[in-house]
Amino acid sequence: MADTVRNNMVVTRKPHTCWGCLGVFPAGSSLMACTAADGGRIATTYWCAVCDEIWQEDQNGPDDGVMEGEIKNRDEKHWQEVSKNISERACHGKESATPD
Ligand SMILES: [Zn+2]
C-alpha cells in the first residue's frame, strides 16, 4: 500500500487525466494532486473534485487502493450525482458572492 506523503489542490499548468474517472482536464483546472511514495518511487496522481469527494467518502471502506478509472467505473450513477451536487454548490457560492 502506498504511503501518501502530500495532498494538495493545484491549478494545473498542463492537461492532466483524473485518476478516478479518466476525465481529461485542461491546463488551468483545479485538481487535487496526490503525491505518494510507493516502494521507493514517488508518483503523483491527479483527482478532480468529484473523484476526490467520493474517495473521501470511501475512507471507511476497505483500503486496497484505487485502480485507474475505478471511482467512476465502480458507481457511475453515484459519480454523476456527486458531480451535480458539486456544480450546484459552486452556483450557490457564486450567488452569495454577488448579492443583488
Ligand atoms: Zn475524476
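User: Which residues make up the largest nonpolar core?

Analyst: A nonpolar core is a set of buried Ala, Val, Leu, Ile, Met, Phe, Trp, Tyr and Cys residues joined through C-beta atoms within 7 Å. Buried means that 20 or more other C-beta atoms lie within 10 Å of the residue's own; exposed means 12 or fewer, partly exposed is in between, and C-beta atoms are placed from the backbone. Here the largest core has 12 residues: Cys18, Trp19, Cys21, Leu31, Met32, Tyr46, Trp47, Cys48, Val50, Cys51, Ile54 and Ile71. H1 gives the largest share, 3 residues.

User: What kind of model is this, and how are residues numbered?

Analyst: The model is predicted: local features need pLDDT of at least 70, side-chain atom pairs count only at pLDDT 80 or more, and totals for chains, interfaces and linings use all residues. Numbering starts from 1 along each chain as its sequence is written.

User: How many helices and strands does the chain have?

Analyst: Helices (H or I, at least four residues) and strands (E, at least two) are DSSP runs, numbered from the N terminus. This chain has 3 helices and 5 strands. Their order from the N terminus is β-β-β-β-β-α-α-α. Of the 100 residues in the chain, 17% are buried.

User: How do strands S4 and S5 pair, parallel or antiparallel?

Analyst: Two strands pair if DSSP finds at least two bridges between them. S4 (residues 30-38) and S5 (residues 41-47) pair in the antiparallel sense, over 7 bridges. Met32 stands opposite Trp47. Thr35 has Thr44 as its bridge partner. The two strands form a hairpin with 2 residues between them, and Gly39 in the turn has a positive phi of about 60°.

User: Where is Leu22, and what is its phi?

Analyst: Leu22 sits in the loop between strand S2 (16-17) and strand S3 (24-25). Its phi is positive, about 65°, although Leu22 is not a glycine. Leu22 is partly exposed because 14 other C-beta atoms lie within 10 Å.

User: Which residues is Cys18 in contact with, leaving aside neighbours within four places in sequence?

Analyst: Two residues are in contact if their C-beta atoms, placed from the backbone, lie within 7 Å. With those neighbours left aside, Cys18 is in contact with Gly23, Phe25, Leu31, Tyr46, Trp47, Cys48 and Cys51. For the whole chain, take the contacts with a separation of 6 or more: residues 24 or more positions apart account for 56% of them.

User: Why does Val82 count as partly exposed?

Analyst: Val82 has 19 C-beta neighbours inside 10 Å, so it counts as partly exposed. Val82 lies in helix H3 (residues 76-97). Not counting residues up to four places away in sequence, Val82 touches Val50, Glu53 and Ile54. Val82 and Ile54 are 28 residues apart in sequence, and their C-alpha atoms are 7.6 Å apart.

User: Where is Arg74?

Analyst: Arg74 is in helix H2 (residues 70-74). Arg74 has 14 other C-beta atoms within 10 Å, so it is partly exposed. Cys21 is 53 residues from Arg74 along the chain, with 9.8 Å between the C-alpha atoms.
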